[in-house]
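Please open the model in your viewer and keep the selection tool at hand.

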Amino acid sequence: MTQAGSDSPAAAKREYDGAAVARGTIYSYTLVQEPAAEFAAQAPFYLALVELDDGALITAQLTDIDAAVSIGDRVEMVTRKLTTDGDRGMIIYGYKFRPVMT
Amino acid sequence: MGVSIVGAGMTPVREHWSSGLDELAVEAGAMALRDAGLAQVDALYIGNGYGGAFNRQAQLGSLLAARLGMEQLEAYTCEAGDASGGVALRTGYLAVAAGDLRSVMVIGVEKATDIVGAARTTARSISLHADSESINGATLTALAGLLMRRYMGQYEVNLSQFEGFSVNAHQNGSRNEFAMLRNQLRPGSFLQAPMIADPVSLFDGAPDGDGAAAVVLADSELAADLAPSPVSIIGSAVATDSLALQDRADPLDLRAVRRSAAKSLEQAGLAISDLSALELHDAYTVLTALSLEAMGYSDPGKGWQWARREGARIAPKGELPLSTFGGLKSRGNPGGATGVYQAVEAARQLRGQAGENQVESARNILIQNIGGLGATVATHILSVPAA
């Protein structure tokens, strides 16, 4: 057994600075009025292409929207329920994006 | 070996509540055989995008060959979503061009109305990227909305500037008895249409329909015996791009449109200025604008300018006739049958059978069939000799 040194996990900084949260800007968005059956109960909802800060594009719904959406808005990734596999099937979780709190 | 269209047939695009997929396909196929003066071909290739999802029916080759009275025929489906018809035409073209077969039939068929509403949207979504698009609630129309919103933002274009594409399509479709939506669009009404996936509205996106279209292809020697003035296929190409929009370096750059158009033009030995008319896959107006840019008719961000003056520039008598039978917007979008409808329509145009929508002295027509939003693109050039 070795003693925990200053570079060991036990001594690591514990304050979370949020850097690991996927953030990006809205590349484009639309309001989906006529979705597929699995998403009918949620309509209408916003769908977006989000340009992540590392440059990748990702397709996702927007959530927690209570103001007008615009291209270039800052958003962050959150875990949300996407849909349910039939009436009694598994709940399918995934990612959505919400406005970055300022 | 040169390849010609020697027979063509199609059903109207409708909600054909009383006809099954097989009945529609047989009706169009029998018409094309009669038109060609043949009872038998060497193979049958079927363009169908959603038979498994809409109709719970696959193996259409076996089903339809027997129904057309050609037992034991080589017959199978070619699938690429809404580009299924175009890739089936490509397959038929290759078989004859290679010299392996002398005559083949290509049937495009879709029977969408076996299911309705949100269930049909679910079924249609099999042609999207399942793990990045459909799972997140995307539909084809929603993805078109994303493209159009980005286009409008990036290039500072207003919604009203796309209107001429739809006005022209409906004007032409109103004079085509095979078209599904034969109403004309009053200028100004485009902006009032209900939104499906803002900014894509009901007057922007094409309606799903049922239908079947068929062509008989033959090698040039056989064609000369069968038809007094056969229509030649002088260019044929298919190209693909990433299935998901998010995986493209620039979603507004339809690379597969550019590549398949360039390859077919190169094969035909033509420049875009040699084309008499285009039948583009106008399922959404933004696809038309982006296609015109990718093909070299406009600089990026300027393709919408072809819709100016209520579509006068793209009318049958205009500079660049588009959607001369109504396109997908007015003739209707019969899914995997679309690419074969375009071939039948272009053949009629080149044979001088387009009625009020006739393009004068039409010699070379490019037809373009898109799966997804540019994921698969089949481009063909049909031609007749100078009169």
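How many residues does the contact take from chain B and from chain A? Select both sides: 29 residues come from chain B and 26 residues from chain A, where contact means heavy atoms within 4.5 Å. This is a predicted model, in which local features need pLDDT of at least 70 and side-chain atom pairs count only at pLDDT 80 or more, while totals for chains, interfaces and linings use all residues. Residues are numbered from 1 along each chain as its sequence is written, chains are lettered from A in the order in which they are written, and side-chain values use heavy atoms, with hydrogens and water left out.

Next, display the surface between the chains. About 2200 Å² is buried between chain B and chain A, and carbon and sulfur atoms give 60% of that area (accessible area, 1.4 Å probe, that the two parts lose on being put together, summed over both).

Now select the chain B elements on this side. Helix 5 (117-124), helix 6 (140-155) and strand 5 (195-197) of chain B each supply at least two residues that touch chain A (DSSP runs numbered from the N terminus: helices, H or I, at least four residues; strands, E, at least two). Helix 6 of chain B provides the largest share, 7 residues.

Finally, move to Q342(B), located in helix 13 (residues 338-350) of chain B. Q342(B) is buried, at a relative accessible area of 1% (buried means under 20%, 1.4 Å probe, protein chains only). Beyond neighbours within four places in sequence, the contacts of Q342(B) include E279(B), H281(B), R331(B) and N369(B).

Definitions and conventions: Buried < 20%, exposed > 50% of the residue type's maximum accessible area, 1.4 Å probe, protein only.
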